[in-house]
Amino acid sequence: MKLKSDIRILNKRAKFEYIILDRYTAGIVLYGTEIKPGAMGKPVPGYGIDLVDPEGNPVADGVTGQIVIRTTPATCGVYLGYYRNQEATDNVWHDGMYHTGDVAWRDEDGYYWYVGRADDVIKSSGYRIGPF
């Protein structure tokens, strides 16, 4: 699909919590950027997308980590919290980051490669599905 001359959408992966950034890494390929089949793409510039270990430290290229959005300063397009559920909000918003729950690794060219979920839970048709 081609929306503008400078953006090509290869695939789309959306998350409700940051609907404006629904392609935070997945599928946006800036004009002239190499396409790597199977990769999520590169982070959208200016949004503080990173990969961190369980302690919140950035990981090196080739190392699996959780995808986070750094929220200091505030990032336009990222939700502020779960409606009437402070505990759920606190579980994902801490240490100046929004923890997406998505796990990936980054190659030497800056492309992200999806591995899975930190919590092994997905939503399908509004239902939370887990391995057990």
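Is Tyr98 buried or exposed?

Modeller: This is a predicted model, in which local features need pLDDT of at least 70 and side-chain atom pairs count only at pLDDT 80 or more, while totals for chains, interfaces and linings use all residues. Residues are numbered from 1 along each chain as its sequence is written, and side-chain values use heavy atoms, with hydrogens and water left out.

Tyr98 has a relative accessible area of 0%, so this residue is buried (buried means under 20% relative accessible area, exposed over 50% and partly exposed in between, with a 1.4 Å probe and protein chains only). Tyr98 also belongs to one of the two aromatic pairs that the structure holds (rings of Phe, Tyr and Trp, the last by its six-membered ring, pair if their centres lie within 6.5 Å, and planes under 30 degrees apart count as stacked, over 60 as edge-to-face and the rest as tilted). Its partner is Trp93, and because the planes of the two rings stand at 40 degrees, with the centres 5.8 Å apart, the pair is tilted. Trp93 itself counts as partly exposed, because its relative accessibility is 23%.

The other aromatic pair joins Trp105 and Trp113, whose rings are stacked, with 5.6 Å from centre to centre and 10 degrees between the planes. Of these, Trp105 has a relative accessible area of 30% and is therefore partly exposed.
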